[in-house]
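Q: I would like to learn how to read a model of this kind. Please take one feature after another, with the general idea before the case.

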There are 2 protein chains.
Amino acid sequence: MLVEDTLAHTLAQRGYKLTQPRRAVLKVLAAAGATLTPAEIHRRARSHCLHTGLVTVYRTLDLLTACGAIRKVHHADGCHAYALASGGHAHHVICECCQSVVEFDNCDLGTLLAAVQRRTGYQISGHWLELFGLCPNCRP
Amino acid sequence: MLVEDTLAHTLAQRGYKLTQPRRAVLKVLAAAGATLTPAEIHRRARSHCLHTGLVTVYRTLDLLTACGAIRKVHHADGCHAYALASGGHAHHVICECCQSVVEFDNCDLGTLLAAVQRRTGYQISGHWLELFGLCPNCRP
DNA sequence: GCCCACATTGAAAACGGTTTTCAGTTAGGA
DNA sequence: TCCTAACTGAAAACCGTTTTCAATGTGGGC
Ligand SMILES: [Mn+2]
Ligand SMILES: [Mn+2]
Ligand SMILES: [Zn+2]
Ligand SMILES: [Zn+2]
């Protein structure tokens, strides 16, 4: 199934309406293999649905985040972007050059977490990991 | 040496002046074993130097960040806070209850990074890790 | 200790991303 | 097709952060 349809299904399944502006946002997210800011998503969405408002972009992103279909990533410069997330616990590797993003889920932090837990006394219940580097296309 | 003096020395060494408002910010950072938002730092700093402006708080945080003496942490709710950083590569464990924070530097991600690099083709050059949990004081 | 150049300060305004408001529109079940 | 609750977008509000600029304070030189 196409990524766009998967996203659409995710929303429909929970009783959300599939409006034109929402579909435009889904199309943009499905097509982009990179992290996108709300502003960029808005710019692209308008090529699919002319009068899509930025507000609707934010609302759709909130919806999809709540469903676990996308995830907010924090860039070093402070601005926030979104990337597709295929459900469940996972992390992203982001290309510092073109922002392309790949998800990975084999985050084997067990040993590390145990060591930190022992050394700090903190009972660790969650973690947050982002990797940065260069994608195959952007290597020198 | 006291943490406050270490911070003061860090600034003085680079030719920055040790003004009253700056000292107030250093005192707050040195005393807090937790992550603090700029607004909270501002609030506390005024008990040391009455007319400290929020602008000066931001400027001092920028200075200390550039020196590597503190680090910005990204909270899940989107708002940003600062924590002391003892120089060099390290990460933080943050208590989800009281925001207390402890630094750790034995981040042994070599195996994980190699695996991700092999599976994704990305040449990984940096990472960003935050751990969340409960500190000894906040455990049930 | 005093002076002075210049780094630093804070009030106010600007800024940019995000959220709220609200009257009009639309999807989709009956 | 009709109806209603969900949804939309323009505008304004909001909030954390940065810029501006005239006034002030620091610390080195004397
Ligand atoms: Mn952030
Ligand atoms: Mn590390
Ligand atoms: Zn790339
Ligand atoms: Zn705690």
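Q: What is the geometry of the site of the zinc ion (ligand 4)?
A: Four donors count as tetrahedral if all angles lie between 85 and 135 degrees; four count as square planar and six as octahedral if opposite donors are over 155 degrees apart and all others between 65 and 115, and anything else is irregular. Here the four donor atoms of the zinc ion (ligand 4) make angles of 102 to 114°, and the site is tetrahedral. This is a predicted model, where local features need pLDDT of at least 70 and side-chain atom pairs count only at pLDDT 80 or more, while totals for chains, interfaces and linings use all residues. Residues are numbered from 1 along each chain as its sequence is written, chains are lettered from A and ligands numbered from 1 in the order in which they are written, and side-chain values use heavy atoms, with hydrogens and water left out.

Q: Which atoms coordinate the zinc ion (ligand 4)?
A: Donors are N, O and S atoms within 2.8 Å of the metal (3.2 Å for Na, K and Ca); water is not among the atoms, so sites may look incomplete. For the zinc ion (ligand 4) they are the SG atoms of B:Cys95, B:Cys98, B:Cys135 and B:Cys138, at 2.2 to 2.4 Å. Along the chain these donors have the spacing C-x2-C-x36-C-x2-C. B:Cys98 lies in the loop between strand 3 (91–95) and strand 4 (101–104) of chain B, and B:Cys138 in the segment after strand 5 (123–134) of chain B, so the pair ties together parts that are 40 residues apart in sequence. Helices (H or I, at least four residues) and strands (E, at least two) are DSSP runs, numbered from the N terminus.

Q: Which protein donors does the manganese ion (ligand 1) have?
A: They are A:His74 (ND1), A:His80 (NE2), B:His74 (ND1) and B:His80 (NE2), lying 2.1 to 2.4 Å from the ion. A:His74 is in strand 1 (residues 70–74) of chain A and B:His80 in strand 2 (residues 80–84) of chain B, so this pair joins two chains.

Q: Is A:His74 buried or exposed?
A: Buried means under 20% relative accessible area, exposed over 50%, partly exposed in between (1.4 Å probe, protein chains only). A:His74 has a relative accessible area of 3% and is buried. B:Cys98, at 34% relative accessibility, is partly exposed.

Q: Which residues are closest to DNA strand C?
A: A residue is near a strand if one of its heavy atoms lies within 4 Å of it. DNA strand C is surrounded by 20 residues, the closest being A:Tyr58, B:Thr19, B:Arg22, B:Thr56 and B:Arg59. Of the atoms of DNA strand C within 4 Å of the protein, 67% belong to sugar and phosphate.

Q: Which atom of DNA strand C does B:Arg59 approach?
A: A polar contact is a pair of N or O atoms within 3.5 Å; within protein, one must be able to donate a hydrogen and the other to accept it, and residues adjacent in sequence count only if both atoms are side-chain atoms. A polar side-chain atom of B:Arg59 lies 2.5 Å from a base nitrogen of DNA strand C.
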